[in-house]
Amino acid sequence: MDKPFQLLIKPVGADCNLRCAYCFYLPTGDLYPTEAPRRMSDEVLETITGGLLGYKFPQTVFAWQGGEPTLAGLDFFRRVVGVEQRLGTGGQSVGNTLQTNGLLLDDEWCRFLRQYSFLIGLSLDGPQSVHDLHRHAPGGRSAWELAIEAARLMDRHEIQYNILCVIHRDNVGMGADLARWFVGQGFRFLQFIPCIEPGQPLNVSADAYGAFLCDVFDYWCKEGVERISIRDFEAWVATCIDHPAGLCTYGRKCNHYLVVEHNGDVYPCDFFVREEWRLGNVLEHPLDWFMRCEAHKRFAKLKHDVAACAGCPWRVLCHGGCIKDRLAGQGVSAPTPLCTGYKAFFRHAEPKLRELARRVSRRRRDS
(Lines give C-alpha, C1' and ligand atoms only; values in the text may rest on other atoms or scores of the structure.)
Protein backbone atom coordinates (compact mmCIF):
# COMPACT_ATOMS: atom_id res chain seq x y z
CA MET A 1 0.00 0.00 0.00
CA ASP A 2 1.72 3.18 -1.19
CA LYS A 3 -0.42 5.84 0.48
CA PRO A 4 -0.52 5.74 4.31
CA PHE A 5 -3.89 5.70 6.01
CA GLN A 6 -5.17 5.54 9.56
CA LEU A 7 -7.74 3.47 11.39
CA LEU A 8 -10.46 5.18 13.38
CA ILE A 9 -11.47 2.40 15.74
CA LYS A 10 -14.70 2.08 17.72
CA PRO A 11 -13.91 -0.57 20.38
CA VAL A 12 -17.32 -0.17 22.05
CA GLY A 13 -19.29 1.03 19.03
CA ALA A 14 -21.81 3.69 20.00
CA ASP A 15 -21.90 2.77 23.71
CA CYS A 16 -21.43 5.88 25.85
CA ASN A 17 -21.82 7.03 29.45
CA LEU A 18 -23.09 10.46 28.37
CA ARG A 19 -26.22 11.44 26.50
CA CYS A 20 -25.38 14.52 24.47
CA ALA A 21 -28.27 16.28 22.76
CA TYR A 22 -26.42 16.65 19.47
CA CYS A 23 -24.71 13.22 19.32
CA PHE A 24 -24.59 11.96 15.74
CA TYR A 25 -23.13 8.55 16.59
CA LEU A 26 -25.64 7.17 19.09
CA PRO A 27 -28.14 6.05 16.38
CA THR A 28 -25.47 3.84 14.78
CA GLY A 29 -26.04 1.43 17.66
CA ASP A 30 -29.27 0.45 15.89
CA LEU A 31 -27.12 -1.43 13.35
CA TYR A 32 -26.11 -3.85 16.13
CA PRO A 33 -29.24 -4.13 18.33
CA THR A 34 -28.43 -7.56 19.75
CA GLU A 35 -24.87 -6.72 20.79
CA ALA A 36 -24.98 -5.03 24.17
CA PRO A 37 -22.62 -4.13 25.55
CA ARG A 38 -20.62 -3.79 22.34
CA ARG A 39 -16.99 -4.78 22.85
CA MET A 40 -14.16 -5.54 20.43
CA SER A 41 -12.85 -9.10 20.47
CA ASP A 42 -9.16 -9.98 20.68
CA GLU A 43 -9.46 -11.55 17.21
CA VAL A 44 -10.55 -8.26 15.65
CA LEU A 45 -7.97 -6.33 17.67
CA GLU A 46 -5.11 -8.53 16.52
CA THR A 47 -6.32 -8.53 12.91
CA ILE A 48 -6.45 -4.74 12.57
CA THR A 49 -3.24 -4.16 14.53
CA GLY A 50 -1.17 -6.69 12.62
CA GLY A 51 -2.72 -5.60 9.36
CA LEU A 52 -1.93 -1.89 9.76
CA LEU A 53 1.56 -2.43 11.20
CA GLY A 54 2.32 -4.80 8.34
CA TYR A 55 2.31 -1.94 5.83
CA LYS A 56 5.27 -0.33 7.65
CA PHE A 57 4.12 3.24 7.04
CA PRO A 58 6.53 6.00 8.14
CA GLN A 59 4.13 6.55 11.03
CA THR A 60 1.29 4.26 12.06
CA VAL A 61 -1.54 5.83 14.05
CA PHE A 62 -4.40 4.02 15.79
CA ALA A 63 -7.23 6.44 16.66
CA TRP A 64 -9.60 5.16 19.36
CA GLN A 65 -13.06 6.71 19.47
CA GLY A 66 -16.64 5.90 20.40
CA GLY A 67 -19.17 6.31 21.78
CA GLU A 68 -16.85 6.44 24.75
CA PRO A 69 -13.80 4.22 24.11
CA THR A 70 -12.71 4.09 27.77
CA LEU A 71 -15.77 1.91 28.40
CA ALA A 72 -13.69 -0.89 26.86
CA GLY A 73 -11.67 -0.78 30.09
CA LEU A 74 -8.05 -0.17 30.92
CA ASP A 75 -7.20 -3.86 30.55
CA PHE A 76 -8.36 -3.69 26.92
CA PHE A 77 -5.97 -0.84 26.19
CA ARG A 78 -3.18 -2.68 27.97
CA ARG A 79 -3.83 -5.48 25.48
CA VAL A 80 -3.79 -2.92 22.67
CA VAL A 81 -0.27 -1.80 23.57
CA GLY A 82 0.86 -5.38 24.11
CA VAL A 83 -0.40 -6.43 20.67
CA GLU A 84 1.25 -3.39 19.04
CA GLN A 85 4.56 -4.25 20.70
CA ARG A 86 4.32 -7.91 19.75
CA LEU A 87 3.27 -7.43 16.13
CA GLY A 88 5.35 -4.35 15.32
CA THR A 89 8.94 -4.41 14.18
CA GLY A 90 11.95 -2.59 15.56
CA GLY A 91 12.16 1.05 14.57
CA GLN A 92 8.48 1.46 13.65
CA SER A 93 6.89 4.73 14.71
CA VAL A 94 3.54 3.86 16.29
CA GLY A 95 1.11 6.27 17.91
CA ASN A 96 -2.26 6.08 19.64
CA THR A 97 -4.90 8.76 20.00
CA LEU A 98 -7.99 8.51 22.18
CA GLN A 99 -11.04 10.75 22.18
CA THR A 100 -12.90 10.85 25.49
CA ASN A 101 -15.42 12.74 27.58
CA GLY A 102 -13.09 12.21 30.55
CA LEU A 103 -15.63 10.66 32.91
CA LEU A 104 -13.66 7.47 33.60
CA LEU A 105 -10.13 8.89 33.74
CA ASP A 106 -8.35 8.45 37.06
CA ASP A 107 -4.73 8.20 38.20
CA GLU A 108 -4.36 4.61 37.00
CA TRP A 109 -5.66 5.51 33.55
CA CYS A 110 -3.42 8.56 33.41
CA ARG A 111 -0.28 6.66 34.40
CA PHE A 112 -0.96 4.28 31.53
CA LEU A 113 -1.72 7.04 28.99
CA ARG A 114 1.44 8.90 29.99
CA GLN A 115 3.63 5.79 29.89
CA TYR A 116 2.59 4.97 26.33
CA SER A 117 2.32 8.57 25.08
CA PHE A 118 -1.34 8.51 24.06
CA LEU A 119 -2.54 11.80 22.57
CA ILE A 120 -5.94 12.60 24.07
CA GLY A 121 -8.84 14.57 22.63
CA LEU A 122 -11.01 15.81 25.52
CA SER A 123 -14.56 16.93 24.70
CA LEU A 124 -15.37 20.26 26.34
CA ASP A 125 -17.81 22.85 25.01
CA GLY A 126 -16.77 25.78 27.21
CA PRO A 127 -17.81 27.02 30.66
CA GLN A 128 -20.10 24.92 32.82
CA SER A 129 -23.20 26.90 31.84
CA VAL A 130 -22.60 25.88 28.22
CA HIS A 131 -21.13 22.38 28.56
CA ASP A 132 -23.80 21.04 30.90
CA LEU A 133 -26.63 22.37 28.74
CA HIS A 134 -26.40 19.52 26.25
CA ARG A 135 -24.03 16.94 27.76
CA HIS A 136 -25.80 14.89 30.41
CA ALA A 137 -23.91 12.63 32.81
CA PRO A 138 -25.55 9.71 34.67
CA GLY A 139 -26.92 10.24 38.15
CA GLY A 140 -27.41 13.96 37.70
CA ARG A 141 -23.67 14.66 37.94
CA SER A 142 -22.10 17.60 36.16
CA ALA A 143 -20.39 16.44 32.96
CA TRP A 144 -18.42 19.69 33.02
CA GLU A 145 -16.98 19.09 36.50
CA LEU A 146 -15.93 15.58 35.50
CA ALA A 147 -14.30 16.82 32.27
CA ILE A 148 -12.41 19.59 34.11
CA GLU A 149 -11.27 17.07 36.72
CA ALA A 150 -9.99 14.84 33.90
CA ALA A 151 -8.09 17.78 32.39
CA ARG A 152 -6.41 18.61 35.70
CA LEU A 153 -5.49 14.94 36.17
CA MET A 154 -3.89 14.88 32.74
CA ASP A 155 -2.02 18.09 33.55
CA ARG A 156 -0.58 16.51 36.69
CA HIS A 157 0.47 13.42 34.75
CA GLU A 158 1.88 15.55 31.89
CA ILE A 159 -0.32 13.93 29.26
CA GLN A 160 -0.63 15.67 25.90
CA TYR A 161 -4.23 16.51 25.07
CA ASN A 162 -6.36 18.70 22.82
CA ILE A 163 -9.74 20.26 23.52
CA LEU A 164 -12.52 19.23 21.13
CA CYS A 165 -15.31 21.81 21.31
CA VAL A 166 -18.63 21.42 19.52
CA ILE A 167 -19.92 24.78 18.30
CA HIS A 168 -23.70 24.86 18.46
CA ARG A 169 -26.56 27.30 18.75
CA ASP A 170 -25.78 28.18 22.36
CA ASN A 171 -22.04 28.93 22.17
CA VAL A 172 -21.52 30.12 18.59
CA GLY A 173 -22.21 33.71 19.65
CA MET A 174 -19.41 33.65 22.22
CA GLY A 175 -16.71 33.90 19.53
CA ALA A 176 -13.37 35.08 20.90
CA ASP A 177 -14.73 35.00 24.44
CA LEU A 178 -14.98 31.23 24.17
CA ALA A 179 -11.40 30.91 22.93
CA ARG A 180 -10.29 33.34 25.63
CA TRP A 181 -12.01 31.22 28.29
CA PHE A 182 -10.21 28.08 27.10
CA VAL A 183 -6.84 29.82 27.10
CA GLY A 184 -7.57 31.26 30.55
CA GLN A 185 -8.09 27.70 31.77
CA GLY A 186 -4.65 26.76 30.46
CA PHE A 187 -5.89 24.98 27.33
CA ARG A 188 -3.68 25.81 24.36
CA PHE A 189 -4.65 23.15 21.78
CA LEU A 190 -8.16 23.71 20.44
CA GLN A 191 -10.37 22.28 17.73
CA PHE A 192 -13.82 23.67 17.01
CA ILE A 193 -16.41 21.36 15.44
CA PRO A 194 -19.60 22.96 14.07
CA CYS A 195 -22.86 21.19 14.85
CA ILE A 196 -24.50 20.42 11.51
CA GLU A 197 -26.91 17.47 11.51
CA PRO A 198 -30.14 16.86 9.57
CA GLY A 199 -33.06 18.19 11.61
CA GLN A 200 -30.90 19.11 14.62
CA PRO A 201 -32.27 22.24 16.38
CA LEU A 202 -28.84 23.00 17.86
CA ASN A 203 -27.24 23.46 14.42
CA VAL A 204 -25.26 26.64 13.80
CA SER A 205 -26.22 28.94 10.96
CA ALA A 206 -23.69 29.76 8.25
CA ASP A 207 -23.64 33.46 9.11
CA ALA A 208 -23.20 32.82 12.84
CA TYR A 209 -20.40 30.33 12.25
CA GLY A 210 -18.64 32.67 9.82
CA ALA A 211 -18.77 35.44 12.42
CA PHE A 212 -17.47 33.01 15.04
CA LEU A 213 -14.49 32.06 12.88
CA CYS A 214 -13.64 35.70 12.14
CA ASP A 215 -13.79 36.70 15.80
CA VAL A 216 -11.71 33.74 17.00
CA PHE A 217 -9.19 34.21 14.16
CA ASP A 218 -8.59 37.85 15.11
CA TYR A 219 -8.09 36.79 18.73
CA TRP A 220 -5.67 34.05 17.66
CA CYS A 221 -3.60 36.43 15.56
CA LYS A 222 -3.47 39.01 18.34
CA GLU A 223 -2.70 36.64 21.21
CA GLY A 224 -0.06 34.59 19.39
CA VAL A 225 -0.31 31.91 16.75
CA GLU A 226 2.79 30.23 18.20
CA ARG A 227 1.30 30.15 21.69
CA ILE A 228 -2.19 28.88 20.84
CA SER A 229 -2.97 26.03 18.43
CA ILE A 230 -6.35 26.20 16.65
CA ARG A 231 -6.52 23.30 14.28
CA ASP A 232 -8.79 24.74 11.56
CA PHE A 233 -6.66 27.85 11.13
CA GLU A 234 -3.45 25.83 11.05
CA ALA A 235 -5.01 23.57 8.40
CA TRP A 236 -5.76 26.58 6.19
CA VAL A 237 -2.24 27.93 6.67
CA ALA A 238 -0.88 24.54 5.59
CA THR A 239 -3.08 24.64 2.48
CA CYS A 240 -1.66 28.05 1.59
CA ILE A 241 1.81 26.51 1.32
CA ASP A 242 0.53 23.51 -0.66
CA HIS A 243 0.76 21.12 2.28
CA PRO A 244 -2.01 18.68 3.20
CA ALA A 245 -4.63 20.39 5.37
CA GLY A 246 -4.48 17.65 7.99
CA LEU A 247 -8.26 17.87 8.41
CA CYS A 248 -10.44 15.76 6.13
CA THR A 249 -13.11 18.50 6.25
CA TYR A 250 -10.96 20.63 3.93
CA GLY A 251 -9.28 17.89 1.92
CA ARG A 252 -9.83 17.24 -1.78
CA LYS A 253 -10.86 13.62 -1.12
CA CYS A 254 -12.15 11.65 1.85
CA ASN A 255 -9.71 8.77 1.65
CA HIS A 256 -7.42 9.18 4.64
CA TYR A 257 -8.80 6.57 7.03
CA LEU A 258 -11.13 3.68 7.61
CA VAL A 259 -13.62 3.30 10.45
CA VAL A 260 -13.59 -0.08 12.18
CA GLU A 261 -16.58 -0.95 14.34
CA HIS A 262 -16.33 -3.11 17.47
CA ASN A 263 -17.15 -6.28 15.49
CA GLY A 264 -14.73 -5.53 12.64
CA ASP A 265 -17.22 -4.00 10.21
CA VAL A 266 -15.59 -1.31 8.07
CA TYR A 267 -17.01 2.01 6.88
CA PRO A 268 -15.41 4.91 4.98
CA CYS A 269 -16.19 7.56 7.63
CA ASP A 270 -17.65 7.69 11.13
CA PHE A 271 -20.37 10.02 9.82
CA PHE A 272 -21.34 7.29 7.36
CA VAL A 273 -21.68 4.24 9.57
CA ARG A 274 -24.76 3.16 7.68
CA GLU A 275 -25.73 -0.15 6.17
CA GLU A 276 -25.49 1.21 2.62
CA TRP A 277 -21.86 2.24 3.21
CA ARG A 278 -20.66 -0.93 4.94
CA LEU A 279 -17.53 -2.01 3.03
CA GLY A 280 -17.10 -5.42 4.63
CA ASN A 281 -15.37 -6.86 7.68
CA VAL A 282 -11.68 -7.00 8.63
CA LEU A 283 -11.97 -10.76 9.11
CA GLU A 284 -12.90 -11.07 5.43
CA HIS A 285 -10.38 -8.81 3.67
CA PRO A 286 -6.98 -7.16 4.31
CA LEU A 287 -7.17 -3.48 5.24
CA ASP A 288 -5.77 -2.17 1.97
CA TRP A 289 -8.57 -3.97 0.11
CA PHE A 290 -11.07 -1.58 1.71
CA MET A 291 -9.03 1.44 0.60
CA ARG A 292 -8.94 0.11 -2.96
CA CYS A 293 -12.51 -1.18 -3.28
CA GLU A 294 -14.88 0.59 -5.65
CA ALA A 295 -17.31 1.62 -2.90
CA HIS A 296 -14.57 3.48 -1.03
CA LYS A 297 -13.34 5.16 -4.21
CA ARG A 298 -16.91 6.23 -4.97
CA PHE A 299 -17.25 7.71 -1.51
CA ALA A 300 -13.91 9.53 -1.73
CA LYS A 301 -14.93 11.23 -4.98
CA LEU A 302 -18.07 12.69 -3.42
CA LYS A 303 -15.89 15.21 -1.61
CA HIS A 304 -14.73 16.99 -4.73
CA ASP A 305 -17.65 16.43 -7.11
CA VAL A 306 -19.52 19.66 -6.34
CA ALA A 307 -20.43 21.48 -9.53
CA ALA A 308 -21.52 24.60 -7.65
CA CYS A 309 -17.97 25.04 -6.37
CA ALA A 310 -16.51 25.37 -9.87
CA GLY A 311 -14.81 28.74 -10.22
CA CYS A 312 -15.02 29.57 -6.53
CA PRO A 313 -11.79 31.35 -5.48
CA TRP A 314 -11.91 29.64 -2.10
CA ARG A 315 -12.37 26.11 -3.37
CA VAL A 316 -8.75 25.16 -2.65
CA LEU A 317 -9.30 26.04 1.01
CA CYS A 318 -12.45 24.00 1.68
CA HIS A 319 -13.23 21.75 -1.34
CA GLY A 320 -16.94 22.04 -0.68
CA GLY A 321 -16.75 21.25 3.02
CA CYS A 322 -17.65 18.04 4.83
CA ILE A 323 -19.82 15.55 2.95
CA LYS A 324 -21.75 14.89 6.15
CA ASP A 325 -22.62 18.59 6.48
CA ARG A 326 -23.95 18.65 2.92
CA LEU A 327 -26.55 16.04 3.87
CA ALA A 328 -27.98 18.58 6.31
CA GLY A 329 -28.30 21.04 3.44
CA GLN A 330 -29.03 20.49 -0.25
CA GLY A 331 -27.33 17.08 -0.51
CA VAL A 332 -23.87 15.74 -1.29
CA SER A 333 -23.76 17.38 -4.73
CA ALA A 334 -24.15 20.85 -3.18
CA PRO A 335 -21.65 22.84 -1.11
CA THR A 336 -21.74 22.70 2.67
CA PRO A 337 -24.60 24.67 4.26
CA LEU A 338 -21.81 26.62 5.99
CA CYS A 339 -20.65 27.89 2.58
CA THR A 340 -21.55 31.56 3.06
CA GLY A 341 -19.94 31.53 6.49
CA TYR A 342 -16.71 30.07 5.12
CA LYS A 343 -16.68 32.63 2.31
CA ALA A 344 -17.11 35.48 4.79
CA PHE A 345 -14.24 34.09 6.84
CA PHE A 346 -11.92 33.61 3.85
CA ARG A 347 -12.58 37.17 2.66
CA HIS A 348 -11.71 38.38 6.13
CA ALA A 349 -8.74 36.16 6.87
CA GLU A 350 -7.03 35.25 3.60
CA PRO A 351 -4.41 38.07 3.63
CA LYS A 352 -3.32 37.09 7.13
CA LEU A 353 -3.41 33.36 6.29
CA ARG A 354 -1.09 34.02 3.34
CA GLU A 355 1.22 36.08 5.53
CA LEU A 356 1.38 33.31 8.13
CA ALA A 357 2.05 30.79 5.36
CA ARG A 358 4.98 32.87 4.10
CA ARG A 359 6.34 33.06 7.65
CA VAL A 360 6.15 29.28 8.03
CA SER A 361 7.89 28.80 4.67
CA ARG A 362 10.73 31.14 5.66
CA ARG A 363 11.25 29.32 8.95
CA ARG A 364 11.44 25.99 7.13
CA ARG A 365 13.95 27.33 4.63
CA ASP A 366 16.12 28.80 7.39
CA SER A 367 16.03 25.74 9.64
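Modeller: Let us begin with helix H6 (residues 176–184) and helix H7 (residues 206–223), whose axes come within 8 Å and cross at roughly 45°. That angle makes H6 oblique to H7, since angles under 35 degrees would count as roughly parallel and 65 to 115 as roughly perpendicular. Please keep in mind that this is a predicted model.

Now look at the side of each helix that takes part. From H6 come Ala176, Leu178, Ala179, Arg180 and Val183, and they meet Phe212, Asp215, Val216 and Tyr219 of H7. Sorted by class, the contact of H6 with H7 has seven nonpolar residues, no polar ones and two charged ones.

For a second pair, turn to helix H1 (residues 42–53) and helix H2 (residues 74–87). Their axes come within 10 Å and cross at roughly 40°, and H1 and H2 are therefore oblique to each other. The crossing of H1 past H2 is right-handed. On the H1 side you will find Asp42, Leu45, Glu46, Thr49, Gly50 and Leu53, and these meet Phe76, Arg79, Val80, Val83, Glu84, Arg86 and Leu87 on the H2 side. Here the classes are six nonpolar, two polar and five charged residues.

In the loop between H1 and E3 sits lysine 56, which has a positive phi of about 50° although it is not a glycine. Further on, the peptide bond from glycine 66 to glycine 67 is cis, with omega near 10°. Glycine 67 belongs to the loop between strand E3 (60–64) and H2.

Finally, let us visit an open space. The second largest pocket has a volume of about 310 Å³. It is lined by 14 residues, and the closest to its centre are Trp220, Glu234, Val237, Val360 and Arg363. Two elements give two or more residues to this lining, namely helix H8 (231–240) and helix H13 (339–366). H13 provides the largest share, with five residues. By class, the lining of this second largest pocket divides into eight nonpolar, one polar and five charged residues.

How values were computed. Residues numbered from 1 in each chain as written. Predicted model: local features only at pLDDT ≥ 70, side-chain atom pairs only at ≥ 80, totals over all residues. Heavy atoms only, no water. Axes fitted to C-alpha atoms, helices over the stretch in contact; angles between N-to-C directions. Helix = DSSP H or I, 4+ residues; strand = E, 2+ residues; numbered from the N terminus. Parallel < 35°, antiparallel > 145°, perpendicular 65-115°, else oblique. Left-handed = near helix turned anticlockwise from the far one by under 90°. Contact = heavy atoms within 4.5 Å. Nonpolar A, V, L, I, M, F, W, Y, C, P; charged D, E, K, R; others polar. 1 Å grid on protein atoms, 1.4 Å probe; cavity = no way out; pocket = protein on both sides within 12 Å on 5 of 7 lines; lining within 4 Å. Points joined across faces, edges and corners; volume = space filled by probe spheres on them.
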